[in-house]
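Here is a walk through the model, from whole chains down to single residues. Keep the structure open as you read.

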Amino acid sequence: MKKRSIVPYGPQHPVLPEPVHLDLVIEDEKIIEAVPSIGFVHRGLESLTAKRDFNQMVYVTERVCGICSFGHGFGYCEAVEDIMDIEVPERAKYLRTIWFELSRMHSHFLWLGLLADGFGFENLFYQCWRIREKILDVLSLTTGGRVIFSVNKIGGVMRDITPEMAVAISEMLTSVRKELKDIVPIFMEDASVKRRLVGVGVLSKEQAHELGCAGPFARASGIEIDMRKLGYAAYKDLDFDIITSNTGDSYGRCYVRINEIFQSIDIIRQALGKLPDTELAAVVKGNPKGESFIRIEQPRGEAIYYVRANGSPHLDRMRVRTPTFANLAGLCETLKGADYADVGLLILTIDPCISCTER
Amino acid sequence: MAIMNFVPTALKNLFLKPVTTSYPLEPAEYPERSRGHIRISIDDCIGCGMCTRACPSGALSVNKNAGTWEINRFDCVVCGYCVEKCPKKCLFMEKGYRTPDTQKATETFTKSPEVLAAEEAKRKEAAEKAAAAKAAMAAKKAAEETKK
């Protein structure tokens, strides 16, 4: 006789990097249904638009999240620049692209480490974070911050990458590429790791499409979607392919993210080679009036920024739709039929960023 | 399918130097652009209050007459917007992070007595000049009226 019971999972749980609560309906160790609830780290950053002017909001949006920080500031700036019809100088676009890709790299390394920790491979976890530290060093050299850069402003960027810094970035990329190549076989070929990843949490292409999944989670199910192909910032001049996997399981998600790190290395090299020599920021006059809707590709997937301004320094509305919010529905689908022991790992495979989701 | 292919990496690690620095024993190294904390060169400050209006977290306050500049280090998010906005460029971003503390407190910077005295003298002089100009204007007006 099978017995159903409900197990509360989170918001405080050793495997969860951030607070999300799931009510798991289980039948002997198998998950029948998962009901998510969020709202533990809501800080009301969107409502701060009433109290802070549109320039200060750049710093507020950057602090939405500690990992995709650059992307949030960038998306907000793009939206306001779109309203005000500001032509961002070419060099600023390239610098933004370089920093964005560097932050994508460190985010994916963080995820690889958390995944290794999720399946109980502590040593591999520290290997990933050791490599990540090199990227953070370069970020702090070029911007002054490890994860929160504060280099974006409406109209361009505040800091430049000098030729010496470009050399430092290039050297870092070479060494990171070499070290990543050393650990890729462990994720992709090791028997014990494969047992935890292959065939776990399968999401078909149709399901992923129906549930509106985003980012590497959707790409692992074979959906070819990458907002960078829209050609914002300098991406229109750079050559890259969308990385997908057809397996749709945790192994596929790991494969997509590892290859995206290699892709980011390639994109940064291209951008550094083409870095144009122009101003860093355009002159901004007056206040924004109108509305704009911007889609960008964060490390975790597609993020949407909506800004409505009324001609005064304070915006009417600023809204962020984050990739984790889109992926929660997909997560609940993958959890159905999974083993109870795989729940932590499956939550990690969508790369949850709950702070972004709740703002 | 490989088995135990992590062993070479793990063995290599045994013979490598530690990646981390033993921080309190060795000094921490910060890059040139590091956003650690805000420093003010208070004697150059004109007390315009641009920094307090720019600060996204409301950590700053300025009193022009008393010649003081206050910062709540616990509220400050070290974004650097005040440094960018300062018209006299007397705010600086310095290396080194804020030290921990047992209670939240604001840090107050006051102008040195000489600078305050000099400013006071300047203000007095300006006031005297204005008064003199006013008196001269009044005298001129009176003279013109008597002429009529």
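Domain bounds here come from an automatic or database domain assignment. For chain B, that assignment gives domain 1 (30–111) and domain 2 (112–148). The C-alpha centres of domain 1 and domain 2 of chain B lie 36 Å apart.

A word on conventions. This is a predicted model, in which local features need pLDDT of at least 70 and side-chain atom pairs count only at pLDDT 80 or more, while totals for chains, interfaces and linings use all residues. Residues are numbered from 1 along each chain as its sequence is written, and chains are lettered from A and ligands numbered from 1 in the order in which they are written.

Stay with chain B. Its secondary structure consists of 4 helices and 5 strands. Helices (H or I, at least four residues) and strands (E, at least two) are DSSP runs, numbered from the N terminus. In sequence order, the pattern of chain B reads α-β-α-β-β-α-β-β-α. The radius of gyration of chain B is 28 Å, well over the 15 Å from the globule rule for 148 residues, so chain B is more spread out than a compact globule. That radius is taken over C-alpha atoms, and the rule is 2.2 Å times the number of residues to the power 0.38. Along the principal axes, the C-alpha trace of chain B spans about 115 × 35 × 25 Å.

How many of the 148 residues of chain B count as buried? The share is 14%. A residue is buried if 20 or more other C-beta atoms lie within 10 Å of its own, exposed if 12 or fewer, and partly exposed in between, with C-beta atoms placed from the backbone. Contacts use those C-beta positions too: two residues are in contact if their C-beta atoms, placed from the backbone, lie within 7 Å. Among contacts in chain B between residues at least 6 apart in sequence, 71% join residues at least 24 apart.

Now turn to chain A. It has 12 helices and 8 strands. A compact globule of 359 residues would have a radius of gyration near 21 Å, and chain A agrees with its 21 Å. The C-alpha atoms of chain A fill a box of roughly 70 × 45 × 35 Å along the principal axes. Of the 359 residues in chain A, 52% are buried.

The two chains meet. Contacts link 17 residues of chain B with 24 residues of chain A. On the chain B side, 11 of these residues are nonpolar, 4 polar and 2 charged. In this scheme Ala, Val, Leu, Ile, Met, Phe, Trp, Tyr, Cys and Pro count as nonpolar, Asp, Glu, Lys and Arg as charged, and the others, Gly among them, as polar.

Look next at helix 4 of chain A, residues 122–143. At 1.5 Å a residue, its 22 residues should span 32 Å, and the end C-alpha atoms are 31 Å apart, which agrees. The expected span is 1.5 Å times one less than the number of residues. Buried residues of this helix include A:L124, A:C128, A:I131, A:I135 and A:L139. Seen down the axis of helix 4 of chain A, the buried residues fall within an arc of 145°, so they line one face of the helix. The arc is that of the directions from the helix axis to the C-beta atoms. On the other side of the helix, A:E122 and A:N123 are exposed.

What covers the buried residues of helix 4 of chain A? The cover includes helix 3 (90–118) and helix 5 (163–189) of chain A, together with helix 1 (7–14) of chain B. After helix 4 of chain A comes A:G144, with a positive phi near 100°.

Helix 3 of chain A also holds A:Y94. A:Y94 counts as buried, because it has 23 C-beta neighbours inside 10 Å. Beyond its neighbours within four places in sequence, A:Y94 is in contact with A:A234, A:A271, A:K274, A:L275 and A:P276.

Finish at a loop. A:D28 lies between strand 2 (21–27) and strand 3 (30–37) of chain A. A:D28 is not a glycine, yet its phi is positive, about 50°. It counts as exposed, with 10 C-beta neighbours inside 10 Å. A:E29 is in the loop between strand 2 and strand 3 of chain A. A:E29 is not a glycine either, and has a positive phi of about 75°. With 9 other C-beta atoms within 10 Å, A:E29 is exposed.
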